[in-house]
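Have a look at the sequence and the structure first, and then read on.

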Amino acid sequence: MIVGAPLKFRILEILEKKPMWNYEIVDALKDEYHLSSAIGRDNINYDCIEAVSAGFCSEIEWAVDTDGSKFDSKHPGRLLTKYELTPYGKSVLDELKSKVRHYTPE
């Protein structure tokens, strides 16, 4: 794990293990980054979208949270997206791991 890494780098790290839904990524990172609020959840979602636009990961599946059980029961109907790491994202992540002083393999 890259200790104290920017959020986007941690997203790449957890996607390296397996493809994940955006709500799973939020659950995995919200406490580590102190982003448990609705705004924090949205920040993690935006970072996932930015990682896609940079080519680090790709969207592989979509669904709608019709009852709000995955994200926000007060606002059902949010888009759920499943992401996976791309080969380019893997190479960037490997390069980061080789250069970062505070990398500890899990």
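## A tour of the model

Val-64 sits in strand S2; helices (H or I, at least four residues) and strands (E, at least two) are DSSP runs, numbered from the N terminus. Bear in mind that this is a predicted model, in which local features need pLDDT of at least 70 and side-chain atom pairs count only at pLDDT 80 or more, while totals for chains, interfaces and linings use all residues. Residues are numbered from 1 along each chain as its sequence is written, and side-chain values use heavy atoms, with hydrogens and water left out.

Back to Val-64: with a relative accessible area of 48%, this residue is partly exposed. On that scale, buried means under 20% relative accessible area, exposed means over 50%, and partly exposed is in between (1.4 Å probe, protein chains only). Val-64 teams up with Trp-62 and Leu-79 in a nonpolar patch on the surface, and together they have about 320 Å² of accessible area. Such a patch takes residues with over 30% relative accessible area and no salt bridge, joining nonpolar side chains (Val, Leu, Ile, Met, Phe, Trp, Tyr) within 5 Å. A salt bridge, in turn, is a side-chain nitrogen of Lys or Arg within 4 Å of a carboxyl oxygen of Asp or Glu. The areas come from the Shrake-Rupley method with a 1.4 Å probe.

Now for the rings. How many aromatic pairs does a search of the whole structure find? It turns up 2. Rings of Phe, Tyr and Trp (its six-membered ring) pair if their centres lie within 6.5 Å; planes under 30 degrees apart count as stacked, over 60 as edge-to-face and the rest as tilted.

| Aromatic pair | Centre to centre | Between the planes | Type |
|---|---|---|---|
| Trp-21 and Tyr-23 | 6.3 Å | 20° | stacked |
| Phe-56 and Tyr-88 | 5.5 Å | 20° | stacked |

Phe-56 counts as buried at 19% relative accessibility, whereas Tyr-88 is partly exposed at 46%. Trp-21 and Tyr-23 are both buried.

What about the cysteines? The structure holds 0 disulfides, a disulfide being a pair of cysteine sulfur atoms within 2.5 Å. The nearest cysteine sulfur to that of Cys-48 belongs to Cys-57, 6.5 Å away, so the two are too far apart for a bond. Cys-48 is buried, with a relative accessible area of 0%, and Cys-57 counts as buried at 3%.

Key. Patches are made of residues with over 30% relative accessible area and no salt bridge: like charges are joined within 9 Å, nonpolar side chains (Val, Leu, Ile, Met, Phe, Trp, Tyr) within 5 Å.
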